[in-house]
Amino acid sequence: MLEHDSISNPTHSKTTGLPRKRFYRARAHSNPLSDSHFPVPISPAQFDCISHFPKFFPPYESSGSKKIEFADIGCGFGGLLISLATLFPETLMIGMELRDKVTEYVKERILALRASNPGRYENVSVVRTNSMKYIPNYFEKAQLSKMFFLFPDPHFKEKNHRRRVISPHLLDEYAYVLKVGGIIYTITDVEELGVWMKGCLDDHTLFEPLSEEELAADPVVKLLSTATEEGQKVARNEGQTYQAVYRRIASSHPC
């Protein structure tokens with residue numbers, strides 16, 4: 001739920017009104033298999049979209065037909081979400097982040113942008129949760145049209161590969177919440193992880209890679225390496241990135 005404190009906040013810039021990252025720094029990654037304490041909806045119907053996107057749900061309507069379509073998994077400081085919010089102003093999107101301080105930063109960033117840009121950024125929000133455990137609690141079958149996995153934790157040790165956010169069994173869950181034709185976007189600066197993610201997607205029967213022509217025509221692809229803090233750091237260091245962008249396809253064996 002997004003609520004703004006109207007009292008002057010020393011953690012925010014006096015000139016821009018935006019939160020300052022140094023007050024919200026946290027470890028680069030968290031253990032996704034550990035238990036953290038935060039509320040989780042029992043089912044997608046129990047997720048409170050109204051408090052996250054109040055301008056899209058008038059007060060006289062107890063519910064609305066509009067649903068979240070984009071999910072940024074491990075959204076970090078929200079750079080991609082902020083870029084997508086203006087590119088797709090009528091599309092509801094949410095960032096899912098496990099680290100509490102980082103989630104709080106993104107929440108404050110969105111609220112500050114809403115306050116300084118009336119009518120804009122109302123379609124974007126953030127929730128603290130463990131997406132590796134609770135994706136089905138937030139999204140219905142075939143609800144999403146885009147999912148993003150930008151610069152995820154590589155979990156280098158083989159014993160920790162089960163913690164990777166792209167894996168064969170998790171792709172089953174992502175295929176469930178993605179509609180046919182929906183796109184999954186991944187990027188990393190770790191070659192081994194890039195090979196792993198592409199391999200998992202190649203081996204899954206419900207995903208196919210986008211063609212070079214489709215990648216070139218998709219405006220979102222350009223944001224993968226430029227919109228996030230991690231991507232900008234890689235670019236400054238003239239590092240290489242590895243993308244895997246795949247489409248959800250229909251099952252060849254319908255029930």
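Modeller: One cut-off before we start: buried means under 20% relative accessible area. Also, this is a predicted model.
Biologist: OK. Is F148 buried or exposed?
Modeller: F148 is buried, because its relative accessible area is 0%.
Biologist: How many aromatic pairs in the whole structure?
Modeller: The search finds eight. One of them is F70 with F88, an edge-to-face pair. Their centres are 5.1 Å apart, with 80° between the planes.
Biologist: Where do F70 and F88 lie?
Modeller: F70 is in strand β1, residues 68–73. F88 is in the loop between α2 (79–87) and β2 (92–97). The two are 18 residues apart in sequence, so the pair ties those parts together.
Biologist: And F70, buried or exposed?
Modeller: F70 counts as buried, at 3% relative accessibility. F88 is partly exposed, at 22%.
Biologist: What about the rings of F70 and F148?
Modeller: Those planes sit at 70°, so that pair is edge-to-face. The centres are 6.2 Å apart. F148 is in strand β4 (residues 144–150), 78 residues from F70, so this pair links distant parts of the chain.
Biologist: Which residues form the aromatic cluster?
Modeller: F70, F88, F148 and Y185 form one cluster.
Biologist: Switching topic. How many disulfides?
Modeller: The count is zero.
Biologist: Are C49 and C200 buried or exposed?
Modeller: C49 counts as buried at 16% relative accessibility. C200 is buried too, at 10%.
Biologist: Last one. What lies over the face of W196?
Modeller: R164 does, at 4.8 Å from the ring centre.

Terms used
Residues numbered from 1 in each chain as written. Predicted model: local features only at pLDDT ≥ 70, side-chain atom pairs only at ≥ 80, totals over all residues. Heavy atoms only, no water. Disulfide = S-S within 2.5 Å. Buried < 20%, exposed > 50% of the residue type's maximum accessible area, 1.4 Å probe, protein only. Phe/Tyr/Trp six-rings, centres within 6.5 Å; stacked < 30°, edge-to-face > 60°. Helix = DSSP H or I, 4+ residues; strand = E, 2+ residues; numbered from the N terminus. Lys NZ or Arg CZ within 6 Å of the ring centre and 35° of its normal.
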